[in-house]
Amino acid sequence: MNKSCIWNNNKCSERMCSNAPSTLLTETDCNNYLKGCTTVKGGGCTIKGLCQDATNQNSCTLDINGTQCIWVASQAICRNQGCEDFQGKTHSDCYYQSKLCTAGVNNRCSAISQCELSNVQEGCVFGYNQNKIVPCLWIVGKCYQYNGCSSIPWSTDIQCKQISPQCTTDGNKCVAINKCANNSIPGCITGIDGDCQVTGTNQNLTCTQFVRCENSIFNTHDQCYNATNGKCTTNGINCVGLTTCTSYTSKDDCIKDISSLTLTNTSKSTGNCVWETSTTTSSCRAQTCTDFILTTHAACSAYLGICTTDGSKCIIQSTCQNYQTQLVCSASLGTDGVCIFVNGSCRVKTCDDVISTTLSGCSQLSTCISDGVKCLLKNRCSSYLTILACRTGGIDGQCAWTGTACVKMLQCNDADQDEISCQQQNQYCNWTSSVGYNASTCSSHTCLSKSQFYPCSPVYTFNLSSFTSCQMYGGQCKTYLPTDLDSDDCFNMTSGYFYWNLQSGKCTQCNYLQTTNNTNNTID
C-alpha cells in the first residue's frame with residue numbers, strides 16, 4: 001500500500017495527522033494535508049473523531065461518522081447537533097431540517113419519540129413504537145398513538161367521537177361506526193345512517209335509525225332520554241319530544257328543556273328544568289344563574305356562560321353600570337370588563353384606576369401598560385412618549401425608540417438607537433454596539449451573525465419579504481446558492497421554498513417565490 005511521506009526532524013516519516021505543522025489552522029488545511037484529519041486548538045492536526053473530541057470551532061463541523069456538530073461558544077465545547085438546536089413552530093418546519101425532529105415547546109424542535117411523550121399539538125403527528133413509525137393524534141390536550149377507533153381505551157360515544165367522527169361505542173370500547181341496525185343496545189347512539197334510537201319492548205329491544213320519539217315505547221323520562229340519546233322524554237305511555245320547561249305540568253316530567261339540544265356558551269338556561277312549589281301553586285321553569293349558590297365569577301360562569309356572582313350567589317351578567325351595590329360591583333365581572341365602584345356607582349375599570357409604575361402592576365388589566373410613571377392604555381407606537389412604554393410594543397406591532405420618539409419597526413435599522421427593541425427581534429436583527437467613532441447599529445442578520453444565537457438556518461428579513469440561504473462550511477455558517485443544492489437537500493435546506501425539478505434536474509424556486517439576486521429570495 002502506497003503511503004505518503006514527509007521530511008520531518010531530519011528523517012523521512014509517514015505522513016500522519018499528528019505530525020502536521022502547527023501553521024495549519026483550519027479543517028480544510030488539515031484535510032488537504034491528509035484526508036481524515038481535522039484542526040486542533042492552537043494549530044496543527046489530529047485524527048477526526050466524534051463531535052465532543054473537537055477542541056475548537058473550526059474543527060466542529062462533521063464528525064467521523066458524518067454527524068453534524070455544533071459549537072457551544074458559552075461553554076467552548078463541541079457536541080452533536082440535536083433537534084433542540086433547530087427553530088420551528090410546526091412539525092413540517094422541524095421535519096424539513098431533520099427527519100428525526102418534530103415541533104416542541106417554545107418554538108424549538110424536539111426529537112420524535114413515543115406519541116404519548118409529545119407535549120405540544122404541533123408535534124403530535126407521528127412517533128415511534130418499538131422502533132416502528134406510528135401515527136399520532138392530539139385529543140383534548142394530550143397526544144395518543146392512533147391506529148383506529150380502538151387505539152385509545154375509551155368507552156363513551158362522546159369520547160370516541162374525539163378520536164374520529166367515524167368512531168362510536170359498543171358500550172365497552174370505541175369501534176368503527178356502522179349502520180344503526182348493526183349496533184348493540186349499549187352502543188345504539190350513532191350510525192352511518194344517522195342518529196339511532198332503541199325501539200321495541202324490554203324483552204325484544206332493537207337499535208334502529210332515529211325517526212321520531214314516539215317509536216320508542218317507554219313510560220319514564222330516563223328510559224326515553226337514554227333510548228334516544230337525549231332527544232325525548234315521556235308522556236307516561238310512550239316517548240315524546242322535549243318541550244319547554246314551562247309546558248311540563250308534573251314534577252316527573254320537569255327534567256329537560258328542549259333548549260338542551262342546542263346549548264351554547266351564551267344560552268340563558270342550562271337546559272335543565274326546576275320544579276318550583278309555593279304555598280298556592282307549583283310549576284316547572286328553566287334552570288338559570290340564580291339557582292347556583294356560588295361566590296366567584298369563575299365558578300358561576302363555569303355552570304352557565306352568562307353568569308357571574310353577586311358575592312353570595314350567581315346572577316345574570318350585565319354591564320358594570322347595572323350593578324347597584326359595592327358588593328356586587330366588586331365581586332362580579334361585567335359584560336364590558338372589570339368593574340370598579342367609585343363615587344356611589346359602578347363603572348368599567350380603566351388603566352387610570354390602576355395605581356402602579358411598573359408593567360407587571362399595570363398588567364392586572366390586560367389592556368394596560370406602564371410608561372414608568374403611570375398605567376396607560378396599550379396603543380399605537382406613535383402615541384407613546386417614553387422609552388419604557390415604547391418597548392412594551394404597540395397594538396400595531398413592535399416599537400422602537402429613536403431617541404426622541406416611538407416608531408413602529410418596519411426594518412431593523414429603525415432600532416439603531418434602541419438596543420433592547422433590537423434584541424427583542426434578534427431572530428431577524430443584529431445589534432452592534434458603538435466602537436470609537438462608529439455608532440451603534442441594528443442591522444439585518446447575516447448567516448454568520450444569526451448563527452451566534454441560532455443554528456445555521458435561512459435568514460429572513462424583518463418583514464419576512466425575503467430570505468438568505470445559509471449552510472455550514474468549514475465550521476462557519478455561510479451564504480449559499482439554493483440552485484446548487486442536490487435532490488436530497490433542495491427542499492429541506494430551503495425550508496420548503498425550493499423543490500427538486502425532475503425535468504431540469506435542478507433545485508428550483510416554488511412558483512410563489514421570485515429571485516431578486518443570487519442569494520436573496522423574495523416571498524410574494
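## Model confidence

The protein chain of this predicted model has an average pLDDT of 88, and 96% of the residues score at least 70. Residues 513-524 have a pLDDT below 50. That stretch still has 39 contacts in the model beyond near neighbours in sequence. Where pLDDT is low, the predicted coordinates should not be read in detail.

## An open sheet of three strands

An open sheet is formed by 3 strands in the order E14-E15-E16, with antiparallel pairing. Strand E14 (190-191) and strand E16 (204-209) are the edge strands, and each pairs on one side only. Strand E15 covers residues 194-201 and is joined to E14 by 2 bridges. Thr-190 has Asp-195 in E15 as its bridge partner.

## Nonpolar cores

The largest nonpolar core has 18 residues. The members that touch the most other members are Met-409, Ala-415, Cys-422, Cys-429, Cys-442, Phe-462 and Phe-498. Leaving aside residues up to four places away in sequence, Ala-415 touches Ala-400, Met-409, Cys-422, Trp-431 and Cys-442.

Another core lies apart from the largest one and has 11 residues, including Cys-207, Cys-224, Ala-227 and Cys-232.

## Disulfides

The structure holds 28 disulfides; a disulfide is a covalent bond between the sulfur atoms of two cysteines. Three of these pairs are described here.

Cys-83 and Cys-101 form a disulfide with their sulfur atoms 2.1 Å apart. The torsion about their S-S bond is about -85°, so this disulfide is left-handed. Cys-83 sits in the loop between strand E6 (77-80) and helix H2 (91-97), while Cys-101 belongs to strand E7 (residues 101-103), so the bond ties together parts that are 18 residues apart in sequence. Cys-83 counts as buried because its relative accessibility is 9%, under the 20% limit. Cys-101 is also buried, at 1% relative accessibility.

A disulfide also links Cys-94 and Cys-109, again with the sulfur atoms 2.1 Å apart. Its S-S torsion is about -85°, so the disulfide is left-handed. Cys-94 is in helix H2 and Cys-109 in strand E8 (residues 109-111); the pair links distant parts of the chain, 15 residues apart. Cys-94 is buried with a relative accessible area of 0%, and Cys-109 is buried with 4%.

Cys-254 is joined to Cys-284 by a disulfide with an S to S distance of 2.1 Å. Here the torsion about the S-S bond is about 85°, so the disulfide is right-handed. Cys-254 lies in the loop between strand E18 (239-241) and strand E19 (273-277), and Cys-284 lies in strand E20 (residues 282-286), so the pair ties together parts that are 30 residues apart in sequence. Cys-254 is buried, with a relative accessible area of 7%, and Cys-284 is buried, with 4%.

Cys-5 counts as partly exposed, at 46% relative accessibility.

Cys-510 is in no disulfide, and the nearest cysteine sulfur, that of Cys-490, is 8.1 Å away. Cys-510 counts as buried because its relative accessibility is 12%.

How values were computed. Residues numbered from 1 in each chain as written. Predicted model: local features only at pLDDT ≥ 70, side-chain atom pairs only at ≥ 80, totals over all residues. Heavy atoms only, no water. pLDDT = per-residue confidence, 0-100. Contact = heavy atoms within 4.5 Å. Pairing = 2+ DSSP bridges. Helix = DSSP H or I, 4+ residues; strand = E, 2+ residues; numbered from the N terminus. Core = buried A, V, L, I, M, F, W, Y, C linked by side-chain atoms within 4.5 Å. Buried < 20%, exposed > 50% of the residue type's maximum accessible area, 1.4 Å probe, protein only. Disulfide = S-S within 2.5 Å.
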